Amino acid sequence: MDRYLCDVLVTMDGPVGGVPAPVTGGAVDVGDDGRIVWCGPAADAPDLEPGATVHRVGILMPGLINAHCHTPMVLVRGAGEGLPVDRWLHEVMWPRESRLTGDDVRAAMRLGAAELLCNGITTSMEMYFHGQALAEGATEAGLRCLVTPGVIEDPGFTLTGPWPDQLDEMVALRDRWAGSDLIRAGIAAHAAYSVSQECLSAIAERASATGMPVHIHLAEQQWEDAAVRERSGGLGAPEYLESLGLLDGDVIAAHGVWLTPDDIEVLARNDTAVVHCPCSNAKHASGVAPVTEMRAAGLRVAIGTDGPASHHRLDLFEEMRTAIRTARIRSGDAQTLPPVEVLRMTTAGAAEVLGWGDELGRLAPGCWADMVALAAAEPALNPVIAEEDDPVSRIVWSGSPGAVSGVWVAGRKVVEDGRVLTVDMAEAVADAAVRARRLV
């Protein structure tokens, strides 16, 4: 067993929607199986077992969860600068991605997973092609993933085969990784405007039969509404997906920038979750999602970075701050979206969105020991005035990948002092440069 003594313990282990106060002088005990055995004030910790190892850290918190990403896009990071999403996809992304091989995706995922881990992100929900290769790259780095290979039906995108074969492979991928603690698999459709009605209906049927979650882009761009209404006979995207039965199961919709009040009501009655990607939406001038309205309607909302091509950084600290700032600009109220709420949207709340809420996003007995330590001496986290300190606000407003001193996934240390321990970074970066050049 390992015991982690910390200056501040942030467990995020409260009832749905609630967050307990941080513990000053905390302790977390991790068993040999990688799960948390005990967690709480160090003064109340049980006697150590013979042979236990004691570690001392600054701030200890749950690993961050990236609820929407396309991590292998590290190979096309920075391409198509300044373009809106529709032109960026058709003119830059899809032509390059059509040249991807499985080996490309595996290498890119390994490199991107190392970056995620160094940034304090221990779990990511991925929508990308070559799902088997993606899962292999993630596990090689030690990253936990919900892998959802995406269906696209577009004449400008030629990488994947017929969509029925893709759906069969998604189910096969789930079965192939059934024994893994790190990998789960779902089904993804790119968007309501880029996938045929026949395919969307088939996805709904397959999801119902298998219980697999469905991942889809929704209302990212203003023009999407007209495109979907044209093909659906006048229905908005949420109502269209509902009419096809696609919202019946566990559905996770990314972006939600241009949702109307009626759209939000449709999603709420179907308990559809939404992932907010504020930095990507800002970079592409897509707009600001109505996060406050979605949460008020009872929607489960998490936060994601989107891919490192649509937004260069895989940094949830930046996303949390951007989420708060854009929500407050939108509302004109400086109390909108408090830091504690956005931290929950990247930990316990995100785990609930991904269907992993009983095991991830919290530091509590029985949960996986997916943990991040922040250096107490990090200048941006100081000074600390004890009687005025709010550790959660300090983490959200001042935290950064530079403050990450250690990262563990299932009790295994994967990052130490900003250096990933599972990937030869020099080799991975050099390999990615060659592969990226070939795609241009």
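1. Burial and surface. In this predicted model, buried residues account for 58% of the 440 residues in the protein.

2. Overall form. For 440 residues, a compact globule would have a radius of gyration near 22 Å; the protein has 21 Å, so the value agrees with that expectation. The C-alpha trace spans about 65 × 50 × 40 Å along its principal axes. Of the contacts with a separation of 6 or more, 74% are between residues 24 or more positions apart. The protein contains 15 helices and 18 strands.

3. Helices H11 and H14. Two packed helices are described by the distance between their axes and by the angle between those axes. Here the axes of H11 (residues 316-331) and H14 (residues 391-398) come within 7 Å and cross at roughly 95°. Angles of 65 to 115 degrees count as roughly perpendicular, and H11 and H14 are therefore roughly perpendicular to each other. On the H11 side the contact is made by Phe317, Met320, Arg321, Ile324, Arg325 and Arg328, and on the H14 side by Ile395, Val396, Trp397 and Ser398. Sorted by class, the contact of H11 with H14 has 6 nonpolar, 3 charged and 1 polar residues.

4. Cis peptide bond. Asparagine 382 and proline 383 are joined by a cis peptide bond, with omega about 0°. Proline 383 sits in the loop between strand S15 (371-374) and H14.

5. Positive phi. Most residues other than glycine have a negative phi, and most peptide bonds are trans. Methionine 12 has a positive phi, near 60°, and histidine 130 also has a positive phi, near 55°. Methionine 12 belongs to the loop between strand S1 (2-9) and strand S2 (23-30). Histidine 130 belongs to the loop between strand S6 (121-126) and helix H3 (131-141). Methionine 12 has a relative accessible area of 1% and is therefore buried, whereas histidine 130, at 33% relative accessibility, counts as partly exposed.

6. Arginine 110. This residue is part of helix H2 (residues 102-118). Is arginine 110 buried or partly exposed? Buried means under 20% relative accessible area; arginine 110 has 21% and so counts as partly exposed. Apart from neighbours within four places in sequence, arginine 110 contacts Gly137, Glu140, Ala141, Val423 and Asp431. Glycine 179 is 69 residues from arginine 110 along the chain, and their C-alpha atoms are separated by 21 Å.

Conventions. Residues numbered from 1 in each chain as written. Predicted model: local features only at pLDDT ≥ 70, side-chain atom pairs only at ≥ 80, totals over all residues. Heavy atoms only, no water. Axes fitted to C-alpha atoms, helices over the stretch in contact; angles between N-to-C directions. Helix = DSSP H or I, 4+ residues; strand = E, 2+ residues; numbered from the N terminus. Parallel < 35°, antiparallel > 145°, perpendicular 65-115°, else oblique. Contact = heavy atoms within 4.5 Å. Nonpolar A, V, L, I, M, F, W, Y, C, P; charged D, E, K, R; others polar. Rg over C-alpha atoms; globule rule 2.2 N^0.38 Å. Buried < 20%, exposed > 50% of the residue type's maximum accessible area, 1.4 Å probe, protein only.
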